[in-house]
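Hi everyone, thanks for making time. I'd like to walk you through one structure today, so please have a look at it while I talk.

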Amino acid sequence: KISCYNGINKKKLLYLCIMAKKSNTALAYETLLGIILPAGILEAFEVSKVTEEHTGIIEETGLERRIIHIHLDERDLRSKEWHDLRPNGFTEAHCINDFPIRDRKVVLHVRRRRWLDENGKNVILPHESLTAAGTSYSKEFADVLKKIFGYLPDTGPLSGAVLQNKR
């Protein structure tokens, strides 16, 4: 016999509690990501994968160079004028150096959505650049480095990760 609590059976109540806990956990992760990632990026992209690479390279600080790879896929945010386009996968990932986290370099692997128009031609919708002009640094990271050093360092612990399109 299943008893009830204010008209809700225990199984359903347990299910609702589990779902509430999962949604609170998801909200906590999304909040944390919103703090770590460049401002507003989660509005346009969703995290598809996160990995950590141990390079075996020892930095000037004596610590091993480790790199966090955060893979981001563009969300479907088409306006009404673009709804006649058909999905056609994603572009190759564009790599962006971002702020280090806990002695780990961070590389964002950003994939944009590709679309097909009614003539079968590839279309990539216009967007604002995520990098500082002429660099592979996120805008915020480049601004901080320029303020500290007056330029963007290409070596040392504050330089970006060596970007390779192997991931």
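Let me start with a question: which residues are linked in a network of salt bridges? The answer is Glu52, Arg66 and Arg104. Before I go through them, please keep in mind that this is a predicted model, so everything I quote is computed from it.

Glutamate 52 makes a salt bridge with arginine 66, and their closest N and O atoms are 3.7 Å apart. Glutamate 52 sits in strand β3, residues 45–58, while arginine 66 sits in strand β4, residues 64–74, so this pair ties together parts that are 14 residues apart in sequence. Glutamate 52 also has a salt bridge with arginine 104, where the closest N and O atoms are 2.5 Å apart. Arginine 104 belongs to strand β7, residues 104–111, and glutamate 52 to β3, so here the parts tied together are 52 residues apart in sequence.

Are these residues buried or exposed? Glutamate 52 is partly exposed, at a relative accessible area of 35%. Arginine 66 also counts as partly exposed, with 22% relative accessibility. For the background, side chains of opposite charge can pair when their charged atoms come close.

In total the structure holds seven salt bridges. One more I'd like to show you joins the side chains of arginine 112 and glutamate 74, at 2.9 Å from N to O. Arginine 112 is in the loop between β7 and β8 (113–116), and glutamate 74 is in strand β4, so this pair ties together parts 38 residues apart in sequence. Here both arginine 112 and glutamate 74 are buried.

Now to the sheet. What is the order of the strands in the open sheet of four? It runs β3-β4-β7-β6, and the pairing is mixed. The edge strands are β3 and β6 (94–101), each of which pairs on one side only. On average, neighbouring strands in this sheet are turned by 25 degrees against each other, with direction ignored.

Let me zoom in on β6 and β7. These two run antiparallel and are joined by six bridges. Isoleucine 96 has leucine 108 as its bridge partner in β7, and isoleucine 101 has arginine 104 as its partner in β7. That is the arginine 104 from our salt-bridge network. β6 and β7 form a hairpin with two residues between them, and arginine 102 in the turn has a positive phi of about 50 degrees.

Glycine 56 is exposed, with a relative accessible area of 56%. Leaving aside neighbours within four places in sequence, glycine 56 is in contact with Glu64 and Arg65. The C-alpha atoms of glycine 56 and arginine 66 are 8.1 Å apart, and these residues are ten apart along the chain.

Next, the nonpolar side chains. Which residues make up the largest nonpolar core? There are eleven in all: Leu37, Ile41, Leu42, Phe45, Ile68, Ile70, Leu72, Ile96, Val106, Leu108 and Val110. The elements giving two or more residues to this core are α2 (41–44), β4 and β7. To pick one member, valine 106 touches Ile68, Ile70 and Ile96, among others, if we skip residues up to four places away in sequence. A second, separate core has five residues, including Ala132, Tyr137, Ala142 and Leu145.

Stepping back to the whole protein, its secondary structure comes to three helices and nine strands. Of its 167 residues, 29% count as buried. Among contacts with a separation of 6 or more, 55% come from residues 24 or more positions apart.

Finally, a word on confidence, which I know this group will ask about. The protein averages a pLDDT of 78, and 76% of the residues score at least 70. Where is confidence lowest, and where is it highest? The lowest is strand β1, residues 4–5, at a mean of 46, and the highest is β4, at 93. Over residues 1–5 the pLDDT stays under 50, and for that stretch the model has eight contacts beyond four places in sequence.

That's my tour, and I'm happy to go back to any part of it.

Conventions: Residues are numbered from 1 along each chain as its sequence is written. This is a predicted model: local features need pLDDT of at least 70, side-chain atom pairs count only at pLDDT 80 or more; totals for chains, interfaces and linings use all residues. Side-chain values use heavy atoms; hydrogens and water are left out. A salt bridge is a side-chain nitrogen of Lys or Arg within 4 Å of a carboxyl oxygen of Asp or Glu. Buried means under 20% relative accessible area, exposed over 50%, partly exposed in between (1.4 Å probe, protein chains only). Contact means heavy atoms within 4.5 Å. A nonpolar core is a set of buried Ala, Val, Leu, Ile, Met, Phe, Trp, Tyr and Cys residues joined through side-chain atoms within 4.5 Å. Two strands pair if DSSP finds at least two bridges between them. Axes are lines fitted to C-alpha atoms, for helices over the stretch in contact, and angles run from 0 to 180 degrees between N-to-C directions. pLDDT is the predictor's confidence in each residue, from 0 to 100.
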